[in-house]
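Hello,

Here is the structure you will be working on. My notes on it follow below.

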Amino acid sequence: MNFLIYGLCALTALICTLLMVRAYLISRYRLLLWSSWCFAGLTLNNIALMFDKIIFANTNLLTLRLLIALLALLPLVYGLIFEDR
């Protein structure tokens, strides 16, 4: 059951990524680009969560997941602060 829930979370983040990339390609609104990079990183974070909780249940990958989450949020923060359009 956990695998299904973690998989659906990763799939949702992936779908959001793809929809934002498609919207960016149509409108060229740069904040959509930064948001899609953020959601791509969050997809990787959800996949790392699946590995942490299900596949490598005996090890703790919390620091790796936190690092991925931090790196995923950096493009969005950059886009919010430095994007002028």
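Among contacts (heavy atoms within 4.5 Å) between residues at least 6 apart in sequence, 62% join residues at least 24 apart. This is a predicted model, in which local features need pLDDT of at least 70 and side-chain atom pairs count only at pLDDT 80 or more, while totals for chains, interfaces and linings use all residues. Residues are numbered from 1 along each chain as its sequence is written, and side-chain values use heavy atoms, with hydrogens and water left out.

The protein has 3 helices and 0 strands; helices (H or I, at least four residues) and strands (E, at least two) are DSSP runs, numbered from the N terminus. The order of elements from the N terminus is α-α-α. Along the principal axes, the C-alpha atoms fill a box of roughly 45 × 25 × 10 Å. Of the 85 residues, 31% count as buried, where buried means under 20% relative accessible area, exposed over 50% and partly exposed in between (1.4 Å probe, protein chains only).

Helix 1 covers residues 2-27. Its 26 residues should span 38 Å at 1.5 Å a residue, and this agrees with the 37 Å between its end C-alpha atoms; the expected span is 1.5 Å times one less than the number of residues. Tyr6, Ala10, Ala13, Thr17, Met20 and Tyr24 are buried in helix 1, and the buried residues of this helix pack against helix 2. Just after helix 1, arginine 28 has a positive phi of about 60°.

Helix 3 (residues 62-82) has 21 residues and reaches 30 Å from its first C-alpha to its last, close to the 30 Å expected. Where does helix 3 bend? The bend is about 25°, at leucine 74, and proline 75 follows within four residues. A bend is the angle between axes fitted to the seven residues ending at a residue and the seven starting there. Pro75 is also one of the buried residues of helix 3, along with Arg65, Ile68, Ala69, Ala72 and Gly79. Their cover includes helix 2 (30-55).

Two packed helices are described by the angle between their axes and the distance between the axes. For helix 2 and helix 3, the angle is about 175° and the axes are 8 Å apart. Axes are lines fitted to C-alpha atoms, for helices over the stretch in contact, and angles run from 0 to 180 degrees between N-to-C directions. Helix 2 and helix 3 are therefore roughly antiparallel (over 145 degrees; under 35 is roughly parallel, 65 to 115 roughly perpendicular, the rest oblique).

Regards
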